[in-house]
Amino acid sequence: MDARFDMFANEIAVKFAKRFANAALVIHQSPLPSSTQELVSLRASQINGCGWCIDMHTKEAAAAGETPVRLNLVAAWRESTVFTEAERAALALAEEGTRLADAHQGVSDETWDAVRKHYDDDQIAALVALVSLINAANRMAVIVHQRGGSYEPGMFAAALG
């Protein structure tokens, strides 16, 4: 199925995408490790069924040196040994922050305590913003049926010029 709407060909959508990318740049330039950023983005995108974002973040992470084993195990991070305690805390936050409607309390105190243990305030601010931003991106792509498979590393940044 083709995309319902080309977000990259509409003036308003492109203006919004540039501002969205500027917000993402704040996170990208934060002290939150880039590998953690990609893992969190990938996990939220998996939960939301966003093929475009899964494609993008898998390929961007691989281009940045992330291993195939870790990328393949993100969906089952609890049942794997390849993630650090800090990454596991970030992945738990990503899941709980993405599945807000499934949890009456949102992010659990246990998950929040694990995040506080491993990240400083600037990293936490970036992590919370990242979970929010990737969920918004997932929703836009899923709504318009932006399909995965054709993304090449660096493509999003190049499209925004």
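A nonpolar core is a set of buried Ala, Val, Leu, Ile, Met, Phe, Trp, Tyr and Cys residues joined through side-chain atoms within 4.5 Å. Buried means under 20% relative accessible area, exposed over 50%, and partly exposed in between, with a 1.4 Å probe and protein chains only. The model is predicted, so local features need pLDDT of at least 70 and side-chain atom pairs count only at pLDDT 80 or more, while totals for chains, interfaces and linings use all residues. Residues are numbered from 1 along each chain as its sequence is written, and side-chain values use heavy atoms, leaving out hydrogens and water. Helices are DSSP runs (H or I, at least four residues), numbered from the N terminus.

**Nonpolar cores**
- The largest nonpolar core has 26 residues, of which Leu32, Val40, Trp52, Cys53, Val115, Tyr119 and Leu127 touch the most other members.
- Helix 1, helix 2 (34–48), helix 3, helix 5 (85–98) and helix 7 each supply at least two residues of this core, and helix 7 gives the largest share, 9 residues.
- Another core, of 9 residues, lies apart from it and includes Val74, Phe83, Leu91 and Ala92.
- Leaving aside residues up to four places away in sequence, Leu32 touches Gln37, Tyr119, Gln123, Ala126, Leu127 and Leu130; contact means heavy atoms within 4.5 Å.

**Aromatic pairs**
- Rings of Phe, Tyr and Trp (its six-membered ring) pair if their centres lie within 6.5 Å; planes under 30 degrees apart count as stacked, over 60 as edge-to-face and the rest as tilted.
- This rule gives 2 aromatic pairs.
- Phe16 and Phe20 form a tilted pair, because their ring centres are 5.6 Å apart and their planes stand at 40°.
- Phe16 and Phe20 are 4 residues apart in helix 1 (residues 11–28), about one helical turn.
- Phe16 is partly exposed at 42% relative accessibility, whereas Phe20 is buried at 15%.
- Trp52 and Tyr151 are edge-to-face, because their ring centres are 5.7 Å apart and their planes are at 90°.
- Trp52 lies in helix 3 and Tyr151 in the loop between helix 7 (121–143) and helix 8 (155–160), so the pair ties together parts 99 residues apart in sequence.
- Both Trp52 and Tyr151 are buried.

**Helix 3**
- Helix 3 (residues 51–63) has 13 residues and reaches 18 Å from its first C-alpha to its last.
- Its buried residues include Trp52, Cys53, Asp55, Met56, His57 and Ala61.
- Gly65, with a positive phi near 105°, follows helix 3.

**Thr111**
- Thr111 sits in helix 6 (residues 109–118) and is buried at 6% relative accessibility.

Key. Expected span 1.5 Å × (residues − 1).
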